[in-house]
Amino acid sequence: MLGRDVVLAAGNAGHDVVGFGHTELDIADEALVAAKFESERPDVAINCAAWTDVDGAEESGGAALTVNGTAAGYVAAAAAKVGASVVYVSSDYVFDGAKGAAYVETDQTVPLSAYGRTKLAGEEATAAANKRHFVVRSSWLFGSGGGNFVETMLRLASTQNEVLVVRDQVGSPTYTWHLAYGIVRLIEGVEFGIHHMAAGGACSWYDFAREIFDQAKVECRVLSATTDMLGRPAPRPPYSALESQREHAIELPDWHDGLAAYLSQRASEKESVA
């Protein structure tokens, strides 16, 4: 989702963009990564590759760490070798959610899950390998071109008249198109380091589901549950909304607006196919 939108957003902003999918560039192959960078010699590398299966990482921690951690270091090092800066996209799951308020860049990281630990490892590997790095933490991504919570809710609503959604996890649902433009703005400067870049506002998954059905004008009842009731393998932070304390923070639109924009894009894409 994010990789596709970054390629489009960077191109729209006038940058020359070369994008590689997994089949074209496996970032876990250190030699291949180095060769690609030597061949392309970019000014900036944006690493959108990730192991995103949060529950799967609990059983496959080594594989998740390879992609999210070790391979991120390969990308950052290869970028440094050709004089390029690097962007590593990280997650709100590097926090434990115990703060009870939105997290800022200087808050202590305490990941609860294997996934969160691998994303933190990627932050550290990127920073260690390239002084000219941007670490962009975002939250609850949804967008075109990939599976996401919005699509899951709409799919379930097409076959059943009620869904069960957790109410005790709060975050900032972020539209990847908005995040992509934020990242493109970021790379045009030199304010290296950690940046929190997520949609404005915060909600629970339960509130998000209700808003999805409301905006999409879909009749489906939303029942609330607790995280413990669903028994998922990976622990989640109860409150992981993000805010930036940077003086020149790049602020994204509110999550309600992101959802509206996504649903509009989704409708347009369906019309074009039809």
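Trainee: Why does Leu 230 count as partly exposed?

Mentor: Residues are called buried under 20% relative accessible area, exposed over 50%, and partly exposed in between (1.4 Å probe, protein chains only). Leu 230 has 34% relative accessibility, so it counts as partly exposed. Please note that this is a predicted model, in which local features need pLDDT of at least 70 and side-chain atom pairs count only at pLDDT 80 or more, while totals for chains, interfaces and linings use all residues. Residues are numbered from 1 along each chain as its sequence is written, and side-chain values use heavy atoms, with hydrogens and water left out.

Trainee: Where is the place of Leu 230, and which residues form a nonpolar patch with it?

Mentor: Leu 230 belongs to helix 9 (residues 227-230); helices (H or I, at least four residues) and strands (E, at least two) are DSSP runs, numbered from the N terminus.

Trainee: What makes Glu 151 and Arg 266 a salt bridge?

Mentor: The rule asks for a side-chain nitrogen of Lys or Arg within 4 Å of a carboxyl oxygen of Asp or Glu. For Glu 151 and Arg 266 the N to O value is 2.5 Å, so the pair meets the rule. Glu 151 lies in helix 6 and Arg 266 in helix 10, 115 residues apart, and the pair thus links distant parts of the chain. Glu 151 counts as partly exposed because its relative accessibility is 21%.

Trainee: How do you know that Glu 162 forms a salt bridge with Arg 221?

Mentor: Their closest N and O atoms are 3.9 Å apart, which is within 4 Å, and therefore the pair qualifies. This pair also links distant parts of the chain, with Glu 162 in strand 5 and Arg 221 in strand 10 (residues 221-225), 59 residues apart. Glu 162, at a relative accessible area of 34%, is partly exposed, whereas Arg 221, at 54%, is exposed. By this rule the count comes to nine salt bridges.

Trainee: What ties together the parts that hold Glu 191 and Arg 246?

Mentor: Their side chains meet in a salt bridge of 2.8 Å, N to O. Glu 191 is in the loop between helix 7 and strand 8 (193-196), and Arg 246 is in the loop between helix 9 and helix 10, so the pair ties together parts 55 residues apart in sequence.

Trainee: How do you know that helix 7 is largely enclosed by the rest of the structure?

Mentor: Nine of its 12 residues are buried, so helix 7 is largely enclosed. Among these buried residues are His 178, Leu 179 and Ile 183. Its length can be checked as well: the expected span is 1.5 Å times one less than the number of residues. For helix 7 (residues 176-187) that gives 16 Å, and the end C-alpha atoms are 16 Å apart, which agrees.

Trainee: Which residues have the most contacts inside the largest nonpolar core?

Mentor: They are Phe 149, Val 150, Met 153, Val 165, Phe 208, Ile 212 and Phe 213, in a core of 32 residues. Helix 8 gives the largest share, six residues. Such a core is a set of buried Ala, Val, Leu, Ile, Met, Phe, Trp, Tyr and Cys residues joined through side-chain atoms within 4.5 Å. Contact means heavy atoms within 4.5 Å, and beyond four places in sequence Phe 213 is in contact with residues including Met 153, Val 163 and Val 222.

Trainee: Why is Thr 174 called buried?

Mentor: Its relative accessible area is 1%, which is under 20%, so Thr 174 is buried. Thr 174 is in strand 7 (residues 174-175), and one of the residues it touches is Trp 140.
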